[in-house]
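Work through the exercises below with the sequence and the model at hand. Each task is followed by a solution in steps.

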Amino acid sequence: MTKVSRRLFTAALGAALTTTGMLGAWSSPALAQQPGSVITVATIGEPPTLDPVGTTSDLVSIITQHIFETLFTFDKDWQLQPLVASALPQISADGKTYTIPLRSGVTFHDGSKMTAEDVVASLDHWLKASPRGKTAAPMVDSVTAKDANTVVIALKEPFAPLTALLAMNNGAAAIVPKSVIDGANPLKSLIGTGPYKLLEHKPDQYIRLVKFDGYASPTGPASGYAGSRTAKIGEVRFVPVPNAATRVSGVLAGQYQFADSLPAEALGRFKGVAGVQPVIVKPFGFPLMIMNSKAGVMANQKLRQAVLTALEPGDMLLAGFGDPAFIAPEGSIYAPGTPYYDAASAKPYGEHGLSKATELLKAAGYKGEPIRIMTSTQYEFLYKMSLVAQAQLEAAGFKVDLQVLDWATLLQKRGDEKAWDAFFTYHTFVPEPSLITVMNPSYPGWWDTPAKKEALAAFNREMDPAARKAKWVEIQKLFYSEVPSIKVGEFYNLAAASDKLTNYTPTPWPFFWNADLKN
Amino acid sequence: MFVYIVRRLAGMMVVMLIVAAVVFVIARVVPGDPAAVMLGSSATPEDIAALRSRLGLDQPLLAQFILYLGQIARFDLGDSIFLNRPVVQALAERSELTGLLTLMSVGIAVLIGVPVGILSAAKRGRWIDQTALGIAMLAASVPSFWIGLTLIKYLAVDLTWFPVAGYGAPDASFGERLRHLVLPAIALGIPNSALILRFTRTSMLDVLGDDYVRTARAKGLPPMVVVLKHALRNAMIPILTVIGLTAAVMIAGAIVTETVFGLPGVGNLIVSAVLRRDYPVIQGALLVVSAIYVLINLSVDLLYAVVDPRVRY
C-alpha cells in the first residue's frame, strides 16, 4: 500500500469509525423505558377523529371507550348491562316508553356532576350526529328528564334495537356535559365520564390517557365491557404504528405492552419467546362482498345467486389470511357461541358448484357484461380474496373487471350506484343484528326489497329475545335467497401482549381498565 | 450575487404559484373524499353529504381555489381537516424530527460516501476500488425499508441497543429522541452513501486525469496533498450537487423509512394526508417542501462559488 493510499484508507476508516461511534453513543441500556404504570399500545394508525359520536371507526372506539361511556354496554356473553344507567330500562307494555334510571355520583372529567339534563342533551346530540343515532331518530318521539336521575325515551313505535344502539361504543351515544354540545357538529371538547381522561394528543405520535381519579364505577363483577371498572394502570398511551412488522418487533422488544391487528404470519414469531403472548380474538369480523342490488347488472337477483354458487369461500379465506387458525368458513352471519348463531338458515353458503353457477348465469340472461368489482390493497386480505373471487367467477363464465383502488377512493365511489357492481369490505362483530351495515337500506348495495323491509321491521318491533332470534333466522334466509352480499366467513384478530400486562380481557375493541402491569 | 439571489427568489415565487395550482388540481381530481374517511365505513351517503357541506367541500372548485390563493397570500396554509390544528402548526411539530433525520442521514451518507469515493478513485482498479464499488452497488440496490426491518430485527429486538420505533416518550430528552433516529438515519443513509460514493469517485477520476494534477505530482507534492487539496476541491461541484439533492429529497422522501420506524415526520404527514384526502395538509405541506427544495438548490448553487473561485454570480 502506497503512502497516499494508506493515509486515505486511514482517513476513510476514521470517518467510518466516527460515524459508527456517533451511532453507538446512545447504545447503552435497552430503550431506557421502564413503563411503571404506563402502557404503550401500538395501534394501526392515527384515528381520523377522537369524537366517538360522529364516526363508526373501530380505531376511534378502541381509544375513546376509555374516555366516554354510554348508558348501557355488553357483558362477555354480549348481553345488555347498565353502565351510566343504574339498571336496564323499564319498558312499557306497548314497547314505546323506555324509563332509564341513572347512577348518582357520576362525575365528568371537568369535575362537574352528571345530571339527567346532560344525558338528555347527549342523546339529542347522538340522534342528530351519529350514524347509529340517525338510525334510531325516526322512531324517537322525545327524550326527556323525568327527574334528576331518570331519563325517559318515548318512541313512535316499538323499536327493539334501541338499547343495543345506545350501548355501542362506536357511533356512540356518549354521555357528555351539555356545555360541550353544539348542535350536530363534533363535540367541542372531549370530556366524558370514563375511567381515563385525555391528557394529550400529538397527531401521528401519541394519545395519552391518564387515570381519572374522580371516576365512579358501576358495581358488580367485571364481565366483558360491563361490571366494575378500575383504572389500575396510571397512563394508557396509544401510539400509531402503521407498519404491521414494526408493531410485531416493538412488542417483541418490549417497547409496546400491547400491539393490535397483527398479520397472521406473525404468530410463529411469538412461539417460544419469553415475555410476550399472542392474543387471538374470537369472534372478530367477517369479510363481505357487497353487491349492488339497486342498479347495474347485479340488480338481477339470479345473477347474485350465481355469484354465490360460483364462489368457494374457503379458498378465499385461506388466500386472505394464510393460516387456518385465523379463519372459519362459517355462513351464519353470527358466529357459533353468539346469541344469533344459526347454521341451518345459512345452508347455501359454500355450496360451490361451477356447473350450477353456469346454469344460473344462463337463467339470469347474462350476456357477458363486465362485473365491476372494487377492492383495495390497503386491506391486503380483501385484495387477496378479491383475486380468488375474480378467478372463480371467470371460471364460471363471468367477465370480471377488478378495480383496485385506494380505500378513500373506494369509499367515495361506492356511494355512486352507477359506478360499481360489487365491492369487498369487512365488518367487525356487532352484538345487534340490525346494526350490520347491510341491514341499512341507505348503505351502498341498497338492499331494500319489500320482503327484507317487512322482515326487518318485524324483527325490530319484537322485544322478546327468543322471538327475535326466530325472526332473525327469517332475515338470514332472505340474505341467502336474495343475496345482497356474500359473507365470506369468519376471521379472527391477532394481537400480542406483554406478559407483564395482567387481567387483560381479549375483545374486538381492546380495553385496558381492570388490566394491570406487573413490575 | 445579490441581484442573482433576488432573481432566483423571484423565480421561486413563480414556481410556488405553479406548485400551488398543480397540487390543488391534482388533490381534487383524484377521487376520494375526506368526509367518507372521517365518518367510517358504515357511513351512509347522506351522512357524507352533510359533512362535506360543513367542511365547505360542496363549494364549486373555483371558489375553493380562490379562497385557497387568498389564504396563501396571507401566508396562511389553512387548517387540517383531521388534525384539528393549522397546517403550519402540524408542519412545525414535525420539522424537528425531519430536520434531524435529514441531517443525520445525510451526515452518514457523506461520511461514508465521500471518503470511500475518494479512496476508490485514488486506487482505481485495485481491490479496494472493486470492493467499494461492489458494496456500493449492493447498498444502492437494497431498499431502505429492508435495511430498516433488518436493523430493527438485530439491533433493536435481539440486541435491544436501540428502540424499535417512534420518536420517544412524551418526556423524552433530546438525547433519547436522537437515539430513536439512529436506525432510521442508517437505513436512509446507507443507500444514499452509495450514490454519493459513485459520484465522488467519478468526479475525482475526471479531475485526477487533468494536466494540472499531473503537474502537481511532477512537482513532487505529497500524494495526499495532490488528492485532497488539488483534486478534491475541483471535484466538489458535482458532489455538492448530489449531496444537496439527497438532502432535499429526504425532507419529504423518507416516507417509507418513516412508516417502517413509526416516525411522525413530514413524509408521514403527507402520506397520511393523501390517504385521508386532507386537502389543506396536502397542499400546504407540498408547498413548503417545494420551497425548501428550491432553497436547498439555491444554497448549493451559491456554494459553487465558494468551492470554485471561477464561478461568479
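**Exercise 1. Find what share of the residues of chain B count as buried, and describe the build of the chain.**

Step 1. A residue is buried if 20 or more other C-beta atoms lie within 10 Å of its own, exposed if 12 or fewer, and partly exposed in between, with C-beta atoms placed from the backbone. Of the 313 residues of chain B, 45% are buried by this count.

Step 2. This is a predicted model, in which local features need pLDDT of at least 70 and side-chain atom pairs count only at pLDDT 80 or more, while totals for chains, interfaces and linings use all residues. Residues are numbered from 1 along each chain as its sequence is written, and chains are lettered from A and ligands numbered from 1 in the order in which they are written.

Step 3. Helices (H or I, at least four residues) and strands (E, at least two) are DSSP runs, numbered from the N terminus. Chain B has 13 helices and 0 strands. The C-alpha trace of chain B spans about 85 × 55 × 35 Å along its principal axes.

Step 4. Two residues are in contact if their C-beta atoms, placed from the backbone, lie within 7 Å. Among contacts in chain B between residues at least 6 apart in sequence, 71% join residues at least 24 apart.

**Exercise 2. Locate the spans of chain B that UniProt lists as "transmembrane region", and check the secondary structure of residues 177-197 and 281-307.**

Step 1. The unreviewed UniProt entry gives residues 9-30, 100-121, 133-157, 177-197, 239-261 and 281-307 of chain B. UniProt positions are given in the numbering used here, feature names are shortened, and annotations may be inferred rather than shown by experiment.

Step 2. Residues 177-197 of chain B are 100% helix and 0% strand, with end C-alpha atoms 29 Å apart.

Step 3. Residues 281-307 of chain B are also 100% helix and 0% strand. Their end C-alpha atoms are 38 Å apart.

**Exercise 3. Describe how helix α5 of chain B crosses helix α13 of chain B.**

Step 1. Axes are lines fitted to C-alpha atoms, for helices over the stretch in contact, and angles run from 0 to 180 degrees between N-to-C directions. The axes of α5 (residues 87-122) and α13 (residues 279-307) of chain B come within 9 Å and cross at roughly 55°.

Step 2. α5(B) is therefore oblique to α13(B). Angles under 35 degrees count as roughly parallel, over 145 as roughly antiparallel, 65 to 115 as roughly perpendicular and the rest as oblique.

Step 3. From α5(B), the residues Val87(B), Ala90(B) and Leu91(B) take part; they meet Pro280(B), Val281(B), Gly284(B), Ala285(B) and Val288(B) of α13(B). By class, this contact has 7 nonpolar, 1 polar and no charged residues. Ala, Val, Leu, Ile, Met, Phe, Trp, Tyr, Cys and Pro count as nonpolar, Asp, Glu, Lys and Arg as charged, and the others, Gly among them, as polar.

**Exercise 4. State how many residues each chain brings to the contact between chain B and chain A.**

Step 1. Chain B brings 64 residues and chain A brings 58 residues.

Step 2. On the side of chain B that touches chain A, α5(B) gives the most, with 10 residues.

Step 3. That side of chain B has 42 nonpolar, 12 polar and 10 charged residues.

**Exercise 5. Describe how helices α8 and α10 of chain A are placed relative to each other.**

Step 1. The axes of α8 (residues 301-310) and α10 (residues 354-363) of chain A come within 8 Å and cross at roughly 170°.

Step 2. This angle makes α8(A) roughly antiparallel to α10(A).

Step 3. The contact of α8(A) with α10(A) has 7 nonpolar, 2 polar and 2 charged residues.
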